[in-house]
Structures are given as structure tokens and as C-alpha cells.
Amino acid sequence: MIQQANILYGQREFAAAEETLRKLIKKFPKNAFEHYQLGNVLYQQGKAEEAIGEFDTLRPKGAEILKISLP
């Protein structure tokens, strides 16, 4: 199914790719790649807030964004 979602993404059929990815995530909720791809698909559809939510699932709980200061 991931191959199907990737093909749909490549064909810019984002709604169909979203549906396929959501089915995959329902079966395998801890698989990071599907969450990443769903974030991309949502972003391409103009659903930035939802995309951010998917990308946030990739960040470990309690993780902070590291700030690097250059001299």
C-alpha cells in the first residue's frame, strides 16, 4: 500500500494518497514513514496545521528543538 500511496503522490493525486496513508497508519500507527508522507500530502493540499501535527508525531515525546548559536 505504501507503493500505491507514493505513486499517487507522484501523480499529484493528493486526496487519494491521503486516504491510502490514513489506512496504513490505522494498521501501523508507529511507522514513522507513513506519518512523514502524510504530512507531505497534507501540506500539498494546503492543510498546513494538519501537516504539522503529523510531523510532530515524529518527534520523541518531551523532545525540545535544539538551538545552536554560532559565534
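Let's start with a word we'll need throughout: a residue is called buried when its relative accessible area is under 20%, exposed when that area is over 50%, and partly exposed in between, using a 1.4 Å probe and protein chains only. What you're looking at is a predicted model, where local features need pLDDT of at least 70, side-chain atom pairs count only at pLDDT 80 or more, and totals for chains, interfaces and linings use all residues. Residues are numbered from 1 along each chain as its sequence is written, and side-chain values use heavy atoms, with hydrogens and water left out.

(A salt bridge here is a side-chain nitrogen of Lys or Arg within 4 Å of a carboxyl oxygen of Asp or Glu.) Both residues sit in helix α2, which covers residues 14-27, and they are four residues apart, about one turn of the helix. Helices, by the way, are DSSP runs of H or I with at least four residues, while strands are runs of E with at least two, and the numbering goes from the N terminus. Glu 18 itself is buried, with a relative accessible area of 10%.

Arg 22 has another partner too: Glu 50, in a salt bridge of 3.3 Å, N to O. Glu 50 lies in helix α4 (residues 48-56) and Arg 22 in helix α2, so this pair ties together parts that are 28 residues apart in sequence. Glu 50 is partly exposed, at 40% relative accessible area.

Lys 23 is partly exposed at 45% relative accessibility, and Glu 19 is partly exposed at 48%. By the rule used here, the count of salt bridges comes to four.

Now over to helix α3, residues 32-44, where Phe 33 is placed. Phe 33 is partly exposed, with a relative accessible area of 39%. Together with Tyr 36 and Leu 58, Phe 33 makes a nonpolar surface patch of about 260 Å². Patches are made of residues with over 30% relative accessible area and no salt bridge; like charges are joined within 9 Å, and nonpolar side chains (Val, Leu, Ile, Met, Phe, Trp, Tyr) within 5 Å. The areas come from the Shrake-Rupley method with a 1.4 Å probe, and for residues only the protein chains shown count as cover.

His 35 is also found in helix α3, but this residue is buried, at 10% relative accessible area. Leaving aside neighbours within four places in sequence, His 35 is in contact (heavy atoms within 4.5 Å) with Ile 25, Pro 29, Glu 54, Thr 57 and Leu 58.

Last stop in helix α3 is Asn 40, which counts as buried at 16% relative accessibility. Beyond its neighbours within four places in sequence, Asn 40 is in contact with Tyr 9 and Phe 55.
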